[in-house]
Amino acid sequence: MSYATSTAVPSGPTNIFRRAEGWLDQRGKLAWIAAMVLGFIFVWPVGLALLAYMIFAGKFRSSSYSDRKDDTMFCRHRHHHHDHAAFRSSGNTAFDAYKAETLKRLETEQEAFESFLQRLREAKDKQEFDSFMDERARRAAEPKAEEPAAPGAY
């Protein structure tokens with residue numbers, strides 16, 4: 001007596017979608033884009049669903065950058081942790097001192113510029129408010145012309 005196990009892949013909608021995804025993955029991004037465009041042309045909800053899937057599944061990500069572990073610019077964003085490379089030591093003390101001094105100077109300049117912009121906004125707001133108040137006072141000072149009384153009114 002022999003017991004045979006079934007190695008048949010179950011059929012159903014999920015299997016069809018997985019096979020289609022594998023087929024499109026083998027052919028690359030252009031196949032995904034072509035499928036999405038055809039989906040929009042023939043049945044627009046299918047194209048929209050494909051676009052959403054492609055965005056959320058990361059089908060638009062460039063594989064040449066996502067596979068590199070040493071590229072700090074892309075690694076930071078891929079792992080969703082933002083370690084600030086600007087504050088790490090390079091190992092060269094002279095360069096680190098220069099970098100710290102430059103960063104401090106840039107922060108000081110940024111704070112000065114932001115305070116300048118704030119003063120500029122306040123001056124503009126004051127000018128607009130003063131203009132409004134002058135216009136209001138001018139209208140209040142103008143004598144109003146008496147309107148003729150309505151017929152039959154005393």
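In this predicted model, the axes of helix α2 (residues 29–42) and helix α3 (residues 44–57) come within 5 Å and cross at roughly 150°. Because angles over 145 degrees count as roughly antiparallel, α2 is roughly antiparallel to α3. The chain holds six helices and zero strands, so that its pattern along the sequence reads α-α-α-α-α-α.

**The α2–α3 contact**
- On the α2 side, the residues that meet α3 are Trp 32, Ile 33, Ala 35, Met 36, Gly 39, Phe 40 and Phe 42.
- Their counterparts in α3 are Trp 44, Val 46, Gly 47, Leu 48, Leu 50, Leu 51, Tyr 53 and Met 54.
- Sorted by class, this contact of α2 with α3 comprises 13 nonpolar and two polar residues, with no charged residues.

**The nonpolar core**
- The largest nonpolar core consists of six residues, namely Leu 24, Ala 31, Trp 32, Met 36, Leu 50 and Met 54.
- Both α2 and α3 supply at least two residues of this core, and α2 gives the most, with three residues.
- Met 54, a member of this core, is in contact with Trp 32, Ile 33, Met 36, Lys 59 and Phe 60 when its neighbours within four places in sequence are left aside.

**The chain as a whole**
- Of the 154 residues in the chain, 10% count as buried.
- Among the contacts in the chain with a separation of 6 or more, 18% are between residues 24 or more positions apart.
- The accessible surface of the chain is about 13,900 Å², and carbon and sulfur atoms account for 61% of this area.

Definitions and conventions:
Residues are numbered from 1 along each chain as its sequence is written. This is a predicted model: local features need pLDDT of at least 70, side-chain atom pairs count only at pLDDT 80 or more; totals for chains, interfaces and linings use all residues. Side-chain values use heavy atoms; hydrogens and water are left out. Helices (H or I, at least four residues) and strands (E, at least two) are DSSP runs, numbered from the N terminus. Buried means under 20% relative accessible area, exposed over 50%, partly exposed in between (1.4 Å probe, protein chains only). Contact means heavy atoms within 4.5 Å. Accessible areas come from the Shrake-Rupley method with a 1.4 Å probe; for residues, only the protein chains shown count as cover. Axes are lines fitted to C-alpha atoms, for helices over the stretch in contact, and angles run from 0 to 180 degrees between N-to-C directions. Angles under 35 degrees count as roughly parallel, over 145 as roughly antiparallel, 65 to 115 as roughly perpendicular and the rest as oblique. Ala, Val, Leu, Ile, Met, Phe, Trp, Tyr, Cys and Pro count as nonpolar, Asp, Glu, Lys and Arg as charged, and the others, Gly among them, as polar. A nonpolar core is a set of buried Ala, Val, Leu, Ile, Met, Phe, Trp, Tyr and Cys residues joined through side-chain atoms within 4.5 Å.
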